[in-house]
Amino acid sequence: MKVIVDIVYDGQSPITADQVYERARATLPRISLGTVYRNLNRLVQAGLISESKVGTVQCFFPHPYSNTHLECRVCGHLFSVPYDLSVHQVSQETGLAIDGYELRLKGVCKGCASKCT
Ligand SMILES: [Zn+2]
């Protein structure tokens, strides 16, 4: 749900489900806390946002690095790549309702590259 993605991405700090609920009600007065939780979980699964405990409280925050990997063509391993693709920004600029992404780069990992030279 776009409203919820926007709320999580608007904040500069991690946000709790209750806070998302409070803000979502400004736009969608009839939204339920259950709907907020369901959508937050769906967005986490889609890799658009992240969740983590801050103290004892479960918080949500923007997560632009979810599914970017480099596949080494020598050893075949997949490495996470901190590639800063903002799916949220792409979504805003194109108006597309993106709910996940996968980006696989091909190349040679550092370990294999050092063996080749
Ligand atoms: Zn390799």
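**Whole chain**

Select everything. This is a predicted model. The protein chain has five helices and six strands. Followed along the sequence, these elements come in the pattern α-β-α-α-β-β-β-β-α-β-α. The protein chain has 117 residues, of which 14% count as buried. Among the contacts with a separation of 6 or more, 50% are between residues 24 or more positions apart.

**Helices α1 and α2**

Which residues meet where α1 touches α2? Show side chains for Val-3, Ile-4, Ile-7 and Val-8 on the α1 side, and for Val-20, Arg-23, Ala-24 and Thr-27 on the α2 side. By class, this contact has six nonpolar residues, one polar and one charged.

**Helices α2 and α3**

The crossing of α2 and α3 is right-handed.

On α2, pick Ala-17, Val-20, Tyr-21 and Ala-24; they meet Leu-33, Val-36, Tyr-37 and Leu-40 of α3. How many nonpolar, polar and charged residues does the contact of α2 with α3 have? It has eight nonpolar residues, with no polar and no charged ones.

Val-20 belongs to the contact with α1 and also to the contact with α3. Ala-24 likewise meets residues of α1 and residues of α3.

**The sheet of β1, β3 and β2**

Clear the selection and pick residues 15–16 (β1) and 49–54 (β2), then residues 57–62 (β3). These three strands make an open sheet in the order β1-β3-β2, with antiparallel pairing. β1 and β2 stand at the edges with a single partner strand each, so one side of each is left without a neighbour in the sheet.

Look next at β2 and β3, which pair in the antiparallel sense over six bridges. To find one of the paired positions, select Lys-53 and its bridge partner in β3, Gln-58.

**The sheet of β5, β4 and β6**

Now select residues 78–80 (β5) and 103–107 (β6), together with residues 68–72 (β4). This is an open sheet of three strands too, in the order β5-β4-β6, but with mixed pairing. Why do β5 and β6 each have a side without a neighbour in the sheet? They stand at the edges, and each has a single partner strand. Neighbouring strands of this sheet are turned by 30 degrees against each other on average, direction ignored.

Take the parallel pair, β4 and β6, which is joined by five bridges. Thr-68 stands opposite Leu-103 of β6.

Then take the antiparallel pair, β4 and β5, joined by three bridges. Leu-70 stands opposite Phe-79 of β5.

Finish at the turn between β4 and β5. The two strands form a hairpin with five residues between them. Select Gly-76 in that turn: its phi is positive, at about 80 degrees.

How values were computed: Residues are numbered from 1 along each chain as its sequence is written. This is a predicted model: local features need pLDDT of at least 70, side-chain atom pairs count only at pLDDT 80 or more; totals for chains, interfaces and linings use all residues. A crossing is left-handed if the near helix is turned anticlockwise from the far one by less than a right angle, and right-handed if clockwise. Helices (H or I, at least four residues) and strands (E, at least two) are DSSP runs, numbered from the N terminus. Two residues are in contact if their C-beta atoms, placed from the backbone, lie within 7 Å. Ala, Val, Leu, Ile, Met, Phe, Trp, Tyr, Cys and Pro count as nonpolar, Asp, Glu, Lys and Arg as charged, and the others, Gly among them, as polar. Two strands pair if DSSP finds at least two bridges between them. Axes are lines fitted to C-alpha atoms, for helices over the stretch in contact, and angles run from 0 to 180 degrees between N-to-C directions. A residue is buried if 20 or more other C-beta atoms lie within 10 Å of its own, exposed if 12 or fewer, and partly exposed in between; C-beta atoms are placed from the backbone.
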